[in-house]
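Here is a set of questions and answers on one model. Please look at the chain before reading on.

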Amino acid sequence: MSTNAALFERAQRVIPGGVNSPVRAFRAVGGTPRFIHRAEGAYLFDAEGRRYIDYIGSWGPMILGHGHPTVLEAVRKAAADGFSFGAPTEREVELAEEILKLVPSMEQVRLVSSGTEAAMSAIRLARGATGRAKLIKFEGCYHGHADALLVKAGSGLATFGNPTSAGVPPEVVQHTLVLEYNNIALLEEAFALHGPDLACVMIEPIAGNMNFVRASVPFMTRLRELCSRHGALLVFDEVMTGFRVGLHGAQGLYAKLIPGFRPDLSVFGKVIGGGMPLAAFGGPRDVMQQLAPTGPVYQAGTLSGNPVATACGLATLKEIQRPGFFEALAKRTRSLTAGLAQAAQQAGLAFSVDSEGGMFGFFFLDPLPQHYQQVMATDQASFNRFFHGMLERGVYLAPALYEAGFVSAAHTAADVEATVNAAHEALR
Ligand code: PMP
């Protein structure tokens with residue numbers, strides 16, 4: 001049996017940093033990443049045979065837990081019928097119909113293979129449909145690693161953002177404006193300056209890439225008004241929140257809080273693939289018809305709508321529609337966050353938590369942060385100690401303080417209790 005350390009060393013020889021996605025490397029928290037051998041229900045098992053209660057869930061997709069029997073059976077059957085055809089299938093149509101049924105803001109949807117691809121394609125579509133170039137995103141929101149979206153805040157409103165990554169020429173992000181999340185005044189100023197040139201505003205309605213920060217209702221209301229008035233498309237990135245915070249995504253929640261609310265375009269990923277590479281973007285028919293082959297905006301994919309992935313996604317979406325699914329998931333999640341808050345309180349630490357459906361965040365800060373700079377004021381060292389304290393006790397939290405956490409339907413009351421007990425010990 002190989003140890004995690006031996007595997008990491010071997011991995012680093014052949015894969016940059018030893019990982020195929022940076023946050024897996026434990027750079028932020030230090031230490032050796034766990035190489036996962038297998039998973040079952042709410043648990044991960046590493047190369048050394050250690051068991052962990054999993055609060056990452058593959059960064060969101062595993063809402064039913066690992067190896068759900070119905071999903072597994074659907075995947076097995078689909079795989080036996082063929083991995084990929086590069087031709088249309090009935091199952092893609094069925095999945096598209098299922099998604100549209102649950103997300104009334106969309107009349108048509110296109111399936112792709114990753115959240116990055118979906119967000120990038122939605123931006124191209126927004127630009128193509130409006131004939132405009134500029135876009136707004138918010139600091140702390142992540143929409144995948146397409147060039148135009150890898151931008152950090154510029155120094156002021158008149159200036160546009162700077163690339164966050166080497167290899168992205170400044171000209172490529174010259175049309176991307178980065179604003180502070182939940183800041184209405186800046187939003188109004190940006191629209192006053194650039195309104196007629198704005199193709200779209202892309203937002204994580206509950207931002208899971210800065211842990212867990214909700215867009216306030218006044219902010220979302222104003223954002224919707226400004227987009228409508230200026231003819232810019234409001235694009236909801238629900239890669240993380242979609243079918244995770246509730247059956248109708250974050251847009252379902254805002255529609256309850258803001259009469260008549262709906263985004264123009266939406267981007268989904270993670271849960272809609274149930275752990276397989278699958279993502280989607282969609283919106284009104286007239287906008288979606290701008291896509292090739294019916295329209296001039298090009299977009300394509302060899303593995304798009306993959307038959308095994310769509311089987312996995314469909315089976316997952318069917319399961320989460322069982323009566324009471326989200327109520328039970330939300331309750332379990334709240335029992336976790338309440339337990340963590342109590343542990344922190346007993347340890348005399350500043351702490352705040354929030355959750356929605358099966359997604360949660362916690363901060364060694366009080367009150368809850370409203371934007372990225374506030375999130376990043378967290379004491380990194382305390383978070384890292386807590387992370388490792390929990391990991392040693394068999395609880396696998398996200399290895400960075402700016403990541404959200406996920407509870408699945410496979411997490412039991414006993415799992416939550418064990419987690420809270422571990423937190424009491426780790427915080428002591
Ligand atoms: N948007 C959001 C909100 C995300 O959280 C992520 C990934 N964490 C992406 C887009 C990119 O998705 P993917 O990693 O599948 O490319």
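Q: In β16, which residue is the bridge partner of Asp354?
A: This is a predicted model, in which local features need pLDDT of at least 70, side-chain atom pairs count only at pLDDT 80 or more, and totals for chains, interfaces and linings use all residues. Residues are numbered from 1 along each chain as its sequence is written. β15 and β16 pair in the antiparallel sense over five bridges; two strands pair if DSSP finds at least two bridges between them. The bridge partner of Asp354 in β16 is Gly361.

Q: How many helices and strands does the chain have, and how does its radius of gyration agree with that of a compact globule?
A: The secondary structure comes to 13 helices and 18 strands. The radius of gyration is taken over C-alpha atoms, and the globule rule is 2.2 Å times the number of residues to the power 0.38. For 428 residues, a compact globule would come near 22 Å, and the chain agrees with 21 Å.

Q: What share of the contacts with a separation of 6 or more comes from residues 24 or more positions apart?
A: Two residues are in contact if their C-beta atoms, placed from the backbone, lie within 7 Å. The C-alpha trace spans about 55 × 55 × 50 Å along its principal axes. Among contacts with a separation of 6 or more, the share from residues 24 or more positions apart is 73%.

Q: Which domains does the assignment give, and how far apart are their C-alpha centres?
A: Domain bounds come from an automatic or database domain assignment. Domain 1 is 4–63 + 323–427, and domain 2 is 69–319. Their C-alpha centres lie apart by 25 Å.

Q: Which element gives the most to the side of domain 1 that touches domain 2?
A: Here 23 residues of domain 1 are in contact with 26 residues of domain 2. β15 (352–356), β16 (359–363) and α11 (372–375) each supply at least two residues of that side of domain 1. The most, four residues, comes from β16.

Q: Is strand β9 (residues 198–203) largely enclosed or open?
A: A residue is buried if 20 or more other C-beta atoms lie within 10 Å of its own, exposed if 12 or fewer, and partly exposed in between, with C-beta atoms placed from the backbone. Of the 428 residues of the chain, 48% count as buried. In β9, six of the six residues are buried, so the strand is largely enclosed.

Q: In β12, which residue is the bridge partner of Ile203?
A: β9 pairs in the parallel sense with β5 (residues 134–138) over three bridges, where Leu135 has Cys200 as its partner. Four bridges join β9 to β12 (residues 233–238), and these two also run parallel. The partner of Ile203 in β12 is Phe236.

Q: Which modified residue does UniProt list for Lys270?
A: Lys270 is found in the loop between β13 (265–268) and β14 (279–283). Lys270 is buried, with 27 other C-beta atoms within 10 Å. UniProt positions are given in the numbering used here, feature names are shortened, and annotations may be inferred rather than shown by experiment. The unreviewed UniProt entry lists Lys270 as N6-(pyridoxal phosphate)lysine.

Q: How far apart are the C-alpha atoms of Ile272 and Ile258?
A: Ile272 is found in the loop between β13 and β14. Ile272 is buried, with 31 other C-beta atoms within 10 Å. Its contacts beyond four places in sequence include Ile99, Phe243 and Leu317. Ile258 is 14 residues away along the chain, and the C-alpha separation is 26 Å.

Q: Is Asn162 buried, partly exposed or exposed?
A: Asn162 lies in strand β7 (residues 162–163). Within 10 Å there are 16 other C-beta atoms, so Asn162 is partly exposed.
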